[in-house]
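The following note was prepared for a colleague who has asked for a reading of the structure shown here. Please consider the points in order.

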Amino acid sequence: MYQADELCMRLVGALEEVLDPAVAVIDTLDAHFDPDLAPPDVLRLMAAWLGFALDETWPDERKRELVRRAGRLLRLKGTRAGLELALEIAFPELPLRVTESGGVVMAQQVEDLPPPVTPEFIVYCDVPLDAPGPVVRMIEQLRAADVTYGLKLKQGGVSTACASDR
């Protein structure tokens with residue numbers, strides 16, 4: 001019945017032209033939110049939703065790996081294991097190692113508790129590093145708010161230190 005009317009056919013054609021792209025996105029929505037298939041702009045958006053800032057200089061596979069493992073990273077956020085995992089994903093070419101101070105103590109009486117220790121991470125890099133900024137930003141993202149950190153870099157055979165502002 002509508003095919004006989006030229007005006008109706010043009011109207012339906014115009015609607016199809018406008019709506020088909022939206023329907024195509026809805027039909028493939030699950031692929032848009034799969035870290036392995038998502039377009040780069042959606043990948044950036046997913047990382048931001050999860051609280052991670054992606055470094056634009058990273059290759060796509062490294063960005064996808066960070067988003068893919070974000071659930072585990074968020075569960076481990078603020079811990080040594082979480083920081084080690086994040087640094088391993090973000091900087092696979094750097095030999096980074098992490099030490100920590102602080103921890104959980106237990107005692108029967110308050111007076112039996114040891115003096116409080118300020119929790120701190122120390123990240124060591126055993127190779128010269130031109131710009132420590134990306135490493136510092138990753139540490140800042142993954143450490144707990146009350147934890148200080150230090151970054152010890154090997155520059156020309158000499159160790160130098162960068163510390164947090166806490």
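This is a predicted model: local features need pLDDT of at least 70, side-chain atom pairs count only at pLDDT 80 or more; totals for chains, interfaces and linings use all residues.

1. Contact of H3 with H4. Helix H3 covers residues 40-49 and helix H4 covers residues 60-68; their axes come within 10 Å and cross at roughly 35°. The crossing in which H3 passes H4 is left-handed. On the H3 side the contact is made by Leu-43, Met-46 and Ala-47, and on the H4 side by Lys-63, Arg-64 and Val-67. Sorted by class, this contact of H3 with H4 has 4 nonpolar residues and 2 charged residues, with no polar residue.

2. Burial in H4. Which residues of H4 are buried? They are Arg-62, Lys-63, Arg-64, Leu-66 and Val-67. Lys-63, Arg-64 and Val-67 also belong to the contact with H3. The cover over the buried residues of H4 includes H3, helix H5 (70-75) and H6.

3. Contact of H6 with H7. Helix H6 (residues 80-90) and helix H7 (residues 133-142) have axes that come within 10 Å and cross at roughly 145°. Here H6 passes H7 in a crossing that is right-handed. H6 contributes Gly-82, Leu-83, Ala-86, Leu-87 and Ala-90 to the contact, while H7 contributes Val-135, Met-138, Ile-139 and Leu-142. The residues of this contact of H6 with H7 comprise 8 nonpolar and 1 polar, with no charged residue.

4. Burial in H6. The buried residues of H6 are Gly-82, Leu-83, Leu-85, Ala-86, Leu-87, Ile-89 and Ala-90. Among them, Gly-82, Leu-83, Ala-86, Leu-87 and Ala-90 take part in the contact with H7. What covers the buried residues of H6 includes the helices H4, H5 and H7, as well as strand E1 (96-101) and strand E2 (120-125).

5. Val-98 in strand E1. Val-98 lies in E1. Is this residue, Val-98, buried or exposed? Its relative accessibility is 3%, under the 20% limit, and Val-98 therefore counts as buried. Leaving aside residues up to four places away in sequence, Val-98 touches Arg-80, Leu-83, Glu-84, Leu-87, Phe-121, Ile-122 and Val-123. Leu-83 and Leu-87 are listed with the buried residues of H6. Val-98 and Ala-53 are 45 residues apart along the chain, and their C-alpha atoms are separated by 21 Å.

6. The aromatic pair. How many aromatic pairs does the structure hold? It holds 1 aromatic pair. The ring centres of Phe-33 and Trp-49 are 5.8 Å apart and the planes stand at 20°, so the pair is stacked. Phe-33 lies in the loop between helix H2 (29-32) and H3, whereas Trp-49 lies in helix H3; the pair therefore ties together parts that are 16 residues apart in sequence. Phe-33 is partly exposed, with a relative accessible area of 39%. Trp-49 has a relative accessible area of 56% and is exposed.

7. Asp-34 in the loop. Asp-34 is placed in the loop between H2 and H3. At a relative accessibility of 26%, Asp-34 counts as partly exposed. Between the C-alpha atoms of Asp-34 and Pro-134 there is a separation of 26 Å, and these residues are 100 residues apart along the chain.

8. Gln-109 in the loop. Where does Gln-109 lie? Gln-109 lies in the loop between E1 and E2. With a relative accessible area of 42%, Gln-109 is partly exposed. From C-alpha to C-alpha, Gln-109 and Lys-63 are 48 Å apart in space, and they are 46 residues apart in sequence. Lys-63 is one of the buried residues of H4.

9. Cysteines. The structure holds 0 disulfides. Cys-8 has a relative accessibility of 23% and counts as partly exposed. Cys-125, by contrast, counts as buried, at 2% relative accessibility.

Technical notes
Residues are numbered from 1 along each chain as its sequence is written. Side-chain values use heavy atoms; hydrogens and water are left out. A disulfide is a pair of cysteine sulfur atoms within 2.5 Å. Buried means under 20% relative accessible area, exposed over 50%, partly exposed in between (1.4 Å probe, protein chains only). Axes are lines fitted to C-alpha atoms, for helices over the stretch in contact, and angles run from 0 to 180 degrees between N-to-C directions. Helices (H or I, at least four residues) and strands (E, at least two) are DSSP runs, numbered from the N terminus. A crossing is left-handed if the near helix is turned anticlockwise from the far one by less than a right angle, and right-handed if clockwise. Contact means heavy atoms within 4.5 Å. Ala, Val, Leu, Ile, Met, Phe, Trp, Tyr, Cys and Pro count as nonpolar, Asp, Glu, Lys and Arg as charged, and the others, Gly among them, as polar. Rings of Phe, Tyr and Trp (its six-membered ring) pair if their centres lie within 6.5 Å; planes under 30 degrees apart count as stacked, over 60 as edge-to-face and the rest as tilted.
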